[in-house]
Amino acid sequence: MKRSWEKDLPRKQYQNYKRVEQSQPWFEVYDLGNQIYAIYEPYQFQEVISYFIMGEEKALLWDTGNGIGNMKQLVNELWDKEVIVVNSHSHFDHIGSNYQFDIVHVFEHPTMISTMEKGIEQEILDQNYGLETYSYQSPIAYHPLRYRRCKYETFKEGTVFDLGRRRFTVIYTPGHSADSIMLVNDEEKLLLTGDTYYPAQLYCFTEDLFDMYVKTMQMLAEVYADYTLMTSHNEPICEGNILIEVSKFFQKIKNEEISYKTIGNLKEYEWNSFNLLMK
Ligand SMILES: [Zn+2]
């Protein structure tokens, strides 16, 4: 029987894209056009999405997912040239398969470096990957996770990843986490958003991060509203003008124009179709 988090699955947007053949039933890979692929993990409640983007010489892998499937093997089935692996931020559901790659590129930020050095606590993994977090239809019923270290190299804001006729520039977008970044491609007006925005309940993990989150969202709304967003959970593509609405929502929270519901030690804010959970 469907778990409660699966009630909206399968999500409709995926019907718009061609499914790409690959050998692991854990992943679903979708061709978004222009040699951009969404790597979706629909059988775990995070519904995390990683992206594989090809240039003329190199390809970029944006995040490595939960670490339940073999991301390296998947990438090898799609591409036989150099792959640049970049992490959007240090949360466990985006860095799980880092260890499978020779080198991972991470943002030079204390939160990120600390995760790379110390790993993710086993307790956090156990809490977030319980039996009920796997779909009733999952090809893998349960997969106990433990963090494995990887080799990494750091980059700064403004770094350009040049794939050959396709370039992505790093922008720093703190708020969801202190170490959140996005990748921007101005020629094609593409924005890889990580967890700063995706079409589901948003999270701000500490209250002191929220001020940064408000500023980040305001900047994004001003600069990137005519870009295509590629988001890291649930559904891959969103129109950039949603950023204007999210920014309004955040301003209302900041100005205390919206009340919140208390859930344990969390505050939940809701406005129109938007929802934010804050610690
Ligand atoms: Zn996250």
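## A quick tour of the chain

The chain's secondary structure comes to 6 helices and 18 strands (DSSP runs numbered from the N terminus, with helices being H or I of at least four residues and strands E of at least two). Its radius of gyration, taken over C-alpha atoms, is 18 Å, close to the 19 Å that the globule rule gives for 279 residues, so the chain is as compact as a globular protein of that length; the rule is 2.2 Å times the number of residues to the power 0.38. This is a predicted model, where local features need pLDDT of at least 70 and side-chain atom pairs count only at pLDDT 80 or more, while totals for chains, interfaces and linings use all residues. Residues are numbered from 1 along each chain as its sequence is written.

**Overall**
- The C-alpha trace spans about 50 × 45 × 40 Å along its principal axes.

- Strand 17 (residues 266-271) runs antiparallel to strand 18, joined by 5 bridges; strands pair if DSSP finds at least two bridges between them.
- Those two strands make a hairpin with 2 residues between them, and Asn 272 in the turn has a positive phi of about 50°.
- Strand 18 (residues 274-278) also pairs with strand 13 (residues 202-204), in the parallel sense over 3 bridges.
- Met 278 in strand 18 stands opposite Lys 267 and also opposite Cys 204.

**Around Leu 191**
- Setting aside residues up to four places away in sequence, Leu 191 touches Met 182, Val 184, Tyr 224, Tyr 227, Leu 229, Met 230 and Gly 240 (contact: C-beta atoms, placed from the backbone, within 7 Å).

Terms used. Contact = placed C-beta atoms within 7 Å.
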